[in-house]
Amino acid sequence: ILSDDDEGNIARPQEIHKKTLWNIVGGALLDNVGSTGLFPLCLSPLALQEYYSDFVGANPPQEPIMTITGYQWLSVCVALLVIPSTQITPHAFNKIGVAGTCVFG
C-alpha cells in the first residue's frame, strides 16, 4: 500500500509502449463484444423479428411463435446465465490465474 509520501518516488515510464497499449485496448474491446455485446446484439433483435414481428406484420397477420412475454422470459434466462459464472470464476482465478481466465473465457 502506497502512502502519499511514496507517490512521488514511483518510477513511471516516459513513453507508452504502443503495441502493449493496443493489445490491451483491442483485448478489452473483443472481450466486451464477445462476452456481453455479441450475444445480446444478435439474439435480441433477431429473435424479436423472427419470432414475433414477422408474424404480426404478415398479411394477413398470423399467430406469432413467441409472445412478447416469452421473449422477455428468454432475455431473463440469458441474463441468469451470469449467476453460475460468478460461482465458477473464483475457482478459475485460483487455478489458472486472472490472465489465464481472461484468455480462456
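Accessible areas here come from the Shrake-Rupley method with a 1.4 Å probe, and for residues only the protein chains shown count as cover. The model is predicted: local features need pLDDT of at least 70, side-chain atom pairs count only at pLDDT 80 or more, and totals for chains, interfaces and linings use all residues. Residues are numbered from 1 along each chain as its sequence is written, and side-chain values use heavy atoms, with hydrogens and water left out.

**Exercise 1. Describe the surface of the protein chain.**

Solution. Of the 105 residues, 7% count as buried, where buried means under 20% relative accessible area, exposed over 50%, and partly exposed in between (1.4 Å probe, protein chains only).

**Exercise 2. State the secondary structure of the protein chain and where confidence is lowest and highest.**

Solution. Helices (H or I, at least four residues) and strands (E, at least two) are DSSP runs, numbered from the N terminus. The protein chain has three helices and zero strands, in the order α-α-α along the sequence. The predictor's confidence in each residue is pLDDT, from 0 to 100. Its mean over the protein chain is 77, and 80% of the residues reach 70 or more. Confidence is lowest in H1, at a mean of 75, and highest in H3 (residues 82-104), at 82.

**Exercise 3. Compare the end-to-end distance of H3 with that of a straight helix.**

Solution. The expected span is 1.5 Å times one less than the number of residues. For the 23 residues of H3, a straight helix would reach 33 Å, but the end C-alpha atoms are only 16 Å apart. H3 also has a kink of about 110° centred on Ile 96; the bend at a residue is the angle between axes fitted to the seven residues ending there and the seven starting there.

**Exercise 4. Locate the cis peptide bond.**

Solution. The cis bond joins Asn 59 and Pro 60, with omega about 0°. Pro 60 lies in the loop between H1 and H2 (68-79). Most peptide bonds are trans.
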